[in-house]
Structures are given as C-alpha cells and as structure tokens.
Amino acid sequence: MNYGGTFPEMDLMRSEKMSFVQLIIPVESAHRAITYLGELGLFQFRDLNADKSPFQRTFVNQVKRCAEMSRKLRFFKDQIHKASLPSSVHPGMQPDIELEELEIQLVEHEHELKEMNSNSEKLQLTFNELVEFKIVLEKAGDFLVSSKGPLLNEDRELDEHAYLNNDYSDSTSLLELEMQPEPSSLTGLRFISGIISQSKVMRFERILFRATRGNILFNQSPADDPIMDPLSTDMVEKTVFVVFFSGEQAKTKILKICEAFGANCYPVPEDITKQRQLTREVLSRLSELETTLDAGIRHRNKALTSISFHLTKWLIMVKREKAVFDTLNMLNFDVTKKCLVGEGWCPIFAKVQIQETLRRATFDSSSQVGIIFHAMDALEAPPTYFRTNSFTNAYQEIVDAYGIARYQEANPAVYTVITFPFLFAVMFGDWGHGLCLLVGAVVLIARESKLGSQKLGSFMEMLFGGRYVLLLMSLFSIYCGLIYNEFFSVPYHIFGSSAYRCRDITCSDAYSAGLIKFRDPYPFGVDPSWRGSRSELPFLNSLKMKMSILLGVAQMNLGIMLSYFDARFFGNSLDIKYQFVPQIIFLNSLFGYLSLLILIKWCSGSQADLYHVMIYMFLSPFDELGENQLFWGQRVVQVILLLVALVAVPWMLFPKPFILKKLHSERFQGQIYGVLGTSEMYHDSEPGSARQHIEEFNFSEIFVHQMIHSIEFVLGAVSNTASYLRLWALSLAHSELSTVFYEKVLLLAWGYDNIIIRLVGLAVFAFATAFILLMMETLSAFLHALRLHWVEFQNKFYHGDGYKFKPFSFATLTDDDE
C-alpha cells in the first residue's frame with residue numbers, strides 16, 4: 001500500500017513479491033558468482049539434481065575435501081580444548097590464502113600434532129609404568145624380608161622415598177620361618193609381584209585361591225596416592241600385591257588371571273642390593289622422562305596456540321567453501337559443458353542487487369562471457385519472505401510457529417504486534433508486576449549488543465529473542481493494571497478521590513448495605529473503593545467477563561475482515577459472496593448483538609439480565625422481554641437477527657460447491673476460459689506462478705470440505721467466544737493470588753512486632769511474587785494469549801501452508817556448529 005506515494009510498500013502486510021529466475025553461469029566464474037551470492041544472501045537456489053545421490057554430483061570431490069578439512073579443524077579444536085588453552089575469539093591477521101594452500105597447511109599441522117601425540121603417549125605410558133614399578137619395588141620389598149631381617153633392614157635405606165613399615169611383621173613371620181633354612185630358590189618357592197586396581201583386589205584374590213586350590217600366599221599393600229593407569233590414563237586407587245606359589249603350572253595360571261584382571265606385573269629381585277640398584281635406575285629414568293614430557297607438552301602447546309590464532313578464520317573459510325560447492329552441486333551443466341545452469345527464487349526488489357553482484361563476479365573472474373540472468377514462469381508456488389527487524393522478528397516467529405504464511409496472504413504478525421501483548425496484559429494486569437517485567441525487558445534491551453554476541457543457554461536465548469515482546473507485554477500490563485487499579489493487588493487513589501463512600505461503618509461486612517455514590521465517577525480505571533467491599537467480586541467479575549466478550553468478538557471480526565481482503569487480493573469472488581458475507585452476518589447476528597447489548601447496558605445503567613435475553617432469543621423469540629428490554633423494538637430486531645443467522649448457515653454450505661461444479665462443466669464445454677480464482681479448486685495456484693496443469697475436479701470432495709468448514713465455523717463461533725472468557729478467568733486468578741500473598745503473607749507477618757517474623761514474611765512474599773506471579777503466571781498468560789491468536793483469531797483467515805524463503809547466505813553458516 002502506498003500512502004501518497006511517499007512511503008514504500010509495507011513489508012509485513014503481505015510477503016515480498018518473488019520472481020523465479022534462471023542463471024546461466026560460465027564455468028570459470030561459477031565459484032566466484034556463488035560466493036558473491038552467498039555474501040548477498042538474497043537468492044534461494046532450487047536443486048536441479050534432486051534425483052541424484054550426493055556421490056553422483058559434479059563437485060562431490062571438492063565437498064569431500066572440505067569435509068576432510070572440517071574434520072581436521074574439529075580435531076585441532078578438540079586438542080586445544082583438551083590442552084585447556086584459551087581459544088582465540090578474533091581471527092588472526094593472516095593474509096587470505098587459497099583452499100589448496102590451506103589444505104596443505106592442515107595436512108602438515110595434523111601430521112605434526114599426531115606425531116607429537118603419539119610420542120607423548122608412548123612416553124607417558126612408559127612414565128606411568130615406571131611410577132608403578134617404583135611403587136611395587138617400595139611395597140614388595142617388605143614382603144621379601146629374609147631370616148636376616150633385623151640385620152638387613154639397616155641396609156635397605158634405598159632413598160628418602162623408601163617404604164619402612166613394621167605393621168606387616170606379624171603377617172610375614174610365617175614366610176620368614178619357611179624361608180629360614182635356605183633361600184627360596186632352593187626350596188622352589190617363587191613369587192609374582194605387581195599392581196592392580198583397588199576395586200578388583202577381593203575378586204582377584206578369591207579367583208587366585210580357587211584356581212590354585214589355596215596353594216598360594218597372597219600379600220597386599222595399598223598405594224599411598226592415586227596412580228595414573230598406563231592404558232586408560234585415569235587416576236585410579238591401586239594396590240600392590242605379591243603372590244607366593246610353587247610350581248610352573250601355578251605360575252601360568254596366575255599370569256593368565258593377572259592378565260584377565262588388568263593387573264600389571266613387575267619383576268622384583270629378592271636381593272636387597274639389586275633392589276636398591278634397580279630403584280635408583282627407575283628414579284633416574286623417571287626424572288629424565290619427566291623432563292622430556294614437559295618439553296614435549298610445551299612444544300605441543302606452542303603449536304596448538306599458533307593454530308588457535310587462525311582456527312576461527314579457517315573454520316569460517318572451510319564452511320563457506322563447503323556451502324559454495326554444495327550449492328554448485330544443485331546446478332546443472334548445459335549441453336556444451338561450458339556453462340552451469342541454475343534456477344531459484346529471489347525477491348523482486350533484490351533483482352538489481354543480484355544482477356550487479358553477478359556482473360562484479362564476471363569482472364573479478366576475468367571471464368569473457370557474462371552471466372545470463374532472466375526471469376521465468378514457475379509451476380510451484382513461490383516461497384514466503386517477510387523482511388523483519390529485531391523488533392518485529394519475534395512476533396513473526398510467533399506466527400511462523402503455527403505455520404508459514406501462504407505466498408502473499410495477509411500476515412497476522414502485523415496485528416499480533418499489538419493484540420498479543422494487549423491480550424496478555426488483560427490477563428496479567430497489575431502495574432506493579434508490569435514494572436518488574438519492564439525492568440527485565442529494559443535490561444535485556446540495554447545489553448542487546450553484548451548478549452547478542454554471546455552464546456546463551458536455551459532459556460536465556462529464548463528470553464533474549466523475545467525482549468521486545470516482553471517490553472510491550474510489560475507496558476500493556478502497566479496500562480491494564482492502571483485500569484484495574486492494582487499495584488501488587490493494592491488499589492491507589494492515583495487519579496483523584498473515590499466516587500463512593502460507605503453507608504455505615506460496617507461497609508466491608510458482607511451483611512452491610514454497601515457503598516453509595518456521592519460524586520462523579522472515578523476518572524480512569526476501577527474506583528479504589530470497590531476493594532474490600534461486599535460488591536467487589538460481583539462487580540469485577542461482571543466487568544471483566546463482558547470486556548472479554550467484547551475483545552473476543554472484535555478480534556474474530558478482524559479475522560473475518562482479513563479473509564475478505566485475502567479473497568479480494570486473490571480475486572476469489574466466490575469466497576467473498578459465499579464465505580465472507582454469511583460468516584460476518586452469522587457472527588454479528590448473535591455475538592455482535594450480544595456485544596451491542598453489553599454496551600447499551602453499560603451506557604444506560606439498566607439492570608437487564610443478558611443471560612435471559614440471549615437464552616430466550618432462541619427458546620422464545622416472540623415472548624415479551626419485560627424488564628430485560630434495553631431499547632424500543634428489541635424483540636423484532638432479535639427475531640430478524642435470528643432468522644438472518646439461520647439463513648447464513650445454508651448460505652455458507654450449499655451455493656459455493658454447486659457454482660464451482662457449474663463453472664467447471666462450462667469451462668470444459670468451451671464456454672469459459674482461464675483458470676478459476678477459487679481457493680478450493682486451485683489452492684496451490686498463487687499470483688505470480690504460471691501453473692498450466694489443471695487439477696481434477698472432485699465435487700464430493702469440494703462439498704465435504706465446504707460442509708466441514710461451515711460446521712466448524714458455526715460451532716467455532718460459539719466455542720471461540722466462550723474461549724475468550726479465559727481473559728476474565730486468568731485476570732481474576734492473577735488478582736486473587738496477588739491478594740492472598742499480600743494479605744495472608746505480608747500483612748500477616750507485618751502484624752507481629754518481631755523483626756525476624758517480618759523479614760521472613762517479606763522474603764516469602766518476594767519469593768511468591770517472583771516465582772509464582774512473575775514467572776508461572778507470566779508463562780500461563782503467554783500461552784493462553786498464544787492459543788487465542790493461533791486458534792480463535794488465525795483460523796478465520798490464515799491458511800499457513802506456505803514454505804519459507806531460505807536464501808543461500810553465509811550469514812547463517814557462521815553460527816552453525818558442525
């Protein structure tokens with residue numbers, strides 16, 4: 001719509017006009033052209049090779065190369081994360097490099113890193129084994145004390161780490177006595193020493209005894225500290241063991257059991273001198289390995305830091321290249337194999353930009369042949385594209401969650417911007433709670449630039465995305481709260497003195513006569529004197545119930561009016577005559593009339609019972625109304641409205657299917673030419689498409705569809721109007737909950753002359769307000785407002801069976817994690 005030729009066409013009222021375009025691109029400039037179109041982000045390519053598998057496409061090898069480079073980059077990212085190195089947020093200032101160059105660099109870096117990792121793993125494995133060997137030497141020596149123990153104990157000063165413990169003297173005395181007559185080598189008594197996980201010791205010992213029938217002596221001693229397992233590299237609590245046995249067969253069994261339990265066996269010499277010498281060698285090798293490992297880790301971290309500096313840029317580059325080749329795979333070669341042919345959709349306003357981009361790609365690639373860009377007719381319906389900004393995007397997402405708009409049908413998001421937060425506020429109305437929501441919304445908007453660049457959690461991301469929805473919801477909540485005159489359920493005399501006063505001192509008593517009016521009405525909103533009076537609940541219930549009906553009928557009428565504008569836009573005259581007209585008549589003959597009665601009753605101050613009026617309008621339309629009569633001639637008007645409503649039902653049901661059948665038969669007799677503009681026969685045919693095929697006309701299907709649509713509307717007119725009463729119910733629930741927390745928690749605690757009780761009461765009140773009223777009630781009112789828009793409002797006109805415009809754009813790639 002143009003207003004005086006000064007404003008551009010509205011972007012949100014209807015989706016952008018789209019054009020189906022064919023591109024013929026020379027091979028030498030194809031890559032650059034697709035890259036430039038990805039930077040522009042206004043062209044949606046159509047897959048011309050949908051019948052081919054990914055491995056049959058032209059640029060499959062390039063896609064594989066990019067996928068392999070992505071794998072290498074993910075490997076680098078994991079290595080940087082494991083090394084706990086800070087990742088560079090800003091990409092390095094490395095000059096632009098070609099994909100082939102980058103591929104060579106990545107291969108070199110990966111080979112270097114894998115080699116360093118392999119060497120480091122081997123050294124670490126050796127280091128861990130030596131640590132275990134050192135502990136086994138320290139602990140197992142106590143089990144190998146000979147009969148000369150008291151003399152030899154003085155010589156077993158290995159180093160400051162030598163393990164001296166006399167707690168095992170009792171347990172080893174039998175062994176000493178057995179070993180006293182001669183060395184173990186002469187008696188045939190042997191031993192195997194090693195180390196095992198502490199959690200397996202009991203099972204290990206039990207299996208050993210069963211396998212050898214008890215012909216072993218098992219000794220154990222827990223290690224002082226957790227040890228890194230050489231294979232799993234996990235820190236594990238371990239126990240050193242020494243198994244004494246006799247015979248070669250027992251040795252074989254014990255070694256197999258050790259292998260099965262993952263126990264590491266280490267040879268420990270019986271000779272004290274050899275033990276001391278071996279311990280020194282182990283300690284020396286451990287020191288050397290530790291130095292070597294530290295040097296290797298420093299070298300590896302230096303290499304990873306260098307990679308980290310350029311990793312972000314490389315990731316973006318590879319993602320873009322892979323996206324370009326994936327898009328090129330959607331194009332076809334022409335017969336000469338010198339050009340690529342592509343098809344797709346673009347907004348009409350972007351044609352000039354796309355053509356300029358393609359000319360720049362031709363110039364930059366030094367191609368002798370330009371890229372051909374020309375519009376074509378398309379068989380399928382165009383995609384739907386709305387240009388949104390940070391404010392309107394959230395409202396558009398609310399509508400899109402129900403269904404994507406059909407190409408160029410009326411967009412509910414235009415009205416949702418106001419109606420959604422307003423209906424929310426009708427249910428949530430409290431200007432104290434509204435101020436709390438406003439503070440949250442203002443904080444999110446004030447930190448928009450900072451939060452927008454961060455990776456947020458799912459809840460915070462949803463909250464941040466709806467910050468402008470929250471802003472309008474809070475502002476409308478303050479407005480409705482001022483109308484209800486509720487600040488955390490407490491009324492205030494903001495706009496002057498009350499128009500009522502108590503007839504006697506027991507005004508708030510349920511048996512008193514109540515309030516009497518003594519001056520002009522309160523200028524804005526609900527009079528604060530209603531709070532606490534006996535008439536408070538009946539008065540507010542009546543007010544909010546009638547207000548809910550008025551708002552519901554108004555929004556449903558808006559939906560039906562939008563169906564008229566849709567039918568007019570698409571040229572569907574049958575929809576206007578046999579759908580819009582009877583629908584608007586039926587709804588307003590019943591519920592439009594009810595809304596009129598509500599307004600008359602409010603203006604006249606009548607005591608008429610509207611329930612009685614509406615019920616007997618159907619049961620006894622010719623009876624006298626008596627005291628329920630609101631205006632002269634009301635009975636005649638009601639009879640006429642009832643007859644008109646009854647006529648509207650067959651008007652919706654019968655004419656349209658038979659007229660469609662008549663027009664269809666005449667068309668195929670050659671009397672009428674051209675495609676009929678009706679939403680039932682050709683619901684896929686949209687303005688701008690050149691659909692040439694004619695779909696089969698099925699009268700029974702059309703009639704059943706129209707019958708279902710008519711019944712749904714008639715029943716929905718009643719149920720949808722009743723559904724809007726949720727505005728009254730939730731508003732009442734919010735108000736009563738707020739009152740309970742204020743009176744039964746805060747005021748009750750404040751009645752005690754004790755600071756601790758007051759503080760506890762204040763804390764409970766704050767907690768209930770924050771988590772129940774500001775979180776749960778906000779979510780509840782949000783979901784109910786969502787339902788009213790999706791079901792009661794949008795089902796009057798919105799098809800929602802379109803598909804979204806998804807242009808090829810690099811902007812959507814940078815946020816994706818592979």
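**Exercise 1.** Which residues is Gln 634 in contact with, leaving aside its neighbours within four places in sequence?

*Solution.* Contact means heavy atoms within 4.5 Å. By this rule, and leaving aside neighbours within four places in sequence, Gln 634 is in contact with Tyr 593, Leu 597, Val 613, Leu 625, Asn 628 and Gln 629. The model is predicted: local features need pLDDT of at least 70, side-chain atom pairs count only at pLDDT 80 or more, and totals for chains, interfaces and linings use all residues. Residues are numbered from 1 along each chain as its sequence is written, and side-chain values use heavy atoms, with hydrogens and water left out.

**Exercise 2.** Decide whether Gln 634 is buried or exposed.

*Solution.* Buried means under 20% relative accessible area, exposed over 50%, and partly exposed in between (1.4 Å probe, protein chains only). The relative accessible area of Gln 634 is 1%. Gln 634 is therefore buried.

**Exercise 3.** How many bridges join β3 and β8?

*Solution.* Strand β3 covers residues 189-197 and pairs with β8 over 2 bridges, in the antiparallel sense. Gly 194 has Cys 265, in β8, as its bridge partner.

Notes:
Pairing = 2+ DSSP bridges. Helix = DSSP H or I, 4+ residues; strand = E, 2+ residues; numbered from the N terminus.
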